[in-house]
Amino acid sequence: MDGVELIINHIGFYNLLYPLSPCSKHHISYTMDSETHRNKCAACYRQYNKVEHLIEHMRVSYHSVHEPKCGVCQKQCRSYESLREHLIGPLPKVECARVFSVRGCNLCLKIFDSSSAVRSHRATCQFSRTVTGLISRMSKMNIQAGSCIDNGQMSGSRVVALVCKMVGGGNDGSLDLCARVCLVGEDENIIYHAYIKPQVPVTNYRYESTGIRPEHLRDAVPLKQVQRRIQDILCNGEPIWKIRSKGSKARILTGHGLDHDLKCLGVEYPSFLIRDIANYPPLMKTSKLSNSLKYLTQAYLGYDIQNGMQDPYEDCVAALRLYARMRHPGHPRDYASGCGDAPTRNNYPAWRQRELERMTPEALLDLSGSDYYCWCLDAYN
C-alpha cells in the first residue's frame, strides 16, 4: 500500500469517529494534491500513483528538449503527428485548440503572439511547387533530350537528396528494378540524373506512376557506371573508408525510404550521414509506421506532389525542404540530450533509485535524453 492509499484509508476511518474541520480537510487535500503533482511527468504530463512508476516511465520515454512541444501548455510530444492530434485532432486539448485556431500555424505547428503575426509567418512557411533556375526548368521537361545529366563537379552542396524510380521485373512484375535516379542539391538544382539499364528483363514499366517507357532504357547508363558516379558525388572526393561523422567532406544524404533505394542501387553509404525522412521519429505516424512523402509534403510544406506520374526531381526537392525544416526546429541545440545515445547511457540506474525518488519531476527530466539523433545538430556541427 503506497502513501496516497494510506492517507485515503486513514481519512475514511477517522471521519467516522471525528468529523474534520474545514482547515483539516484543506490540509489533507493539499497533501494529496502535492503527492499527485510530485508523480507527474514534467514533459508529457502523465501522472502515476507511485514515484517509482514515474522513474520507470522516464527510463523508457527518452524525453528531451528535442521533442515537439505545444506552444500553449508546453506539453512535449513524441512526434509532430502527436502534437497535431493534441492541437487539431478529433479530441484536442480544448484550451490549446482554442489558442491555436487563432494564433497557430497549421504547417510548423508553432504559436505566435497575434493573428497578424501568423499571417506574416505563413508567407514564408508555406512552400510552392514553383521552382526557379535553369537546371530546375530542364527537369520540368522530363529530361527527354538525353538520358543523363551530370553537374556533380559544379555542386558545392553539403546536403544531397536522392530519389529512385522503380520498374518491375520477374514473372509478376513485383521485383523492384531501379530504372531512374535523381540527385538534387540544397539549391534545388539537379546534380545528377540518369536512366539506368536494368540487369534483368523488365516485365512491368509501371508507366502510370513512373512515366518510364522502353525507349528511355534502350540506351540507358549501365548500373555499375551509375553506382560509381553516385558514390563519387556523395563521398565528395574522400575515400569511403576514411569518412567520419565530424570533419568529413562527405555529403549528408536525405530522401524518403533510402534503405530501399540504396539497396536497389547497390550503393553503400555510412548510416551516420543518412537522413531518411521515412524513419525520422518526429515525422513518423507511430514508432513503427512511416508517413508517405506525399502526406508529409502536404502537411508540413503546404503543397501537393505525386499527382499521377511521379517526378523524381519533385520528390527530391520535397525531401530537401522537409530536412531543412527539421534541421531548424527552433528548440535548443543541446548535443548531450540530442545525440541519440540515451539508451546506452542509462541515466536512471537501479543503484540510484533512492536518490531518484527524492528528485522533483523537473530534475528527473534534466537527466533524460533522446533515443534518436536530432537533425538540429547538423546545423550545430
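Tyr45 sits in the loop between helix 2 (22–38) and helix 3 (51–61), where helices are DSSP runs of H or I of at least four residues and strands are runs of E of at least two, numbered from the N terminus. The phi of Tyr45 is near 70°, a positive value in a residue other than glycine. The model is predicted, so local features need pLDDT of at least 70 and side-chain atom pairs pLDDT 80 or more, while totals for chains, interfaces and linings use all residues. Residues are numbered from 1 along each chain as its sequence is written, and side-chain values use heavy atoms, without hydrogens and water.

**Backbone and annotated region**
- Tyr45 counts as partly exposed because its relative accessibility is 29%; buried means under 20% relative accessible area, exposed over 50%, and partly exposed in between (1.4 Å probe, protein chains only).
- Gln74, in the loop between helix 3 and helix 4, also has a positive phi, of about 70°, although it is not a glycine.
- Most residues other than glycine have a negative phi.
- UniProt lists residues 39–68 for "domain: C2H2-type" in an unreviewed entry; its positions are given in the numbering used here, feature names are shortened, and annotations may be inferred rather than shown by experiment.
- Over residues 39–68 the chain is 37% helix and 0% strand, with 22 Å between the end C-alpha atoms.

**Salt bridges**
- The whole structure holds twelve salt bridges, each defined as a side-chain nitrogen of Lys or Arg within 4 Å of a carboxyl oxygen of Asp or Glu.
- Lys165 and Asp315 form one of them, at 2.7 Å from N to O.
- This pair links distant parts of the chain, with Lys165 in strand 2 (residues 159–169) and Asp315 in helix 13, 150 residues apart.
- Lys165 is buried at 6% relative accessible area, and Asp315 is buried at 2%.
- Asp371 and Arg78 form another, at 3.0 Å from N to O.
- Asp371 lies in the loop between helix 17 (361–367) and helix 18 (376–380) and Arg78 in the loop between helix 3 and helix 4, so the pair ties together parts 293 residues apart in sequence.
- Asp371 is partly exposed at 27% relative accessibility, as is Arg78 at 33%.

- Glu238 is found in the loop between helix 10 (223–235) and strand 7 (252–255).
- Glu238 is buried yet has no salt bridge, and the nearest side chain of opposite charge, Lys249, is 6.0 Å away; Lys and Arg count as positive and Asp and Glu as negative, while His and the chain ends are not counted.
- Leaving aside neighbours within four places in sequence, Glu238 is in contact with Ile243, Ser248, Lys249 and Ala250, contact meaning heavy atoms within 4.5 Å.

- Helix 12 (residues 293–300) has Leu293, Leu296, Thr297, Ala299 and Tyr300 as its buried residues.
- These buried residues pack against helix 4 (80–88) and helix 13 (312–327).
- His121 is found in helix 6 and is buried, with a relative accessible area of 17%.
- Not counting residues up to four places away in sequence, His121 touches Cys105, Cys108 and Phe112.
- The C-alpha atoms of His121 and Cys105 are separated by 8.0 Å, at 16 residues apart along the chain.
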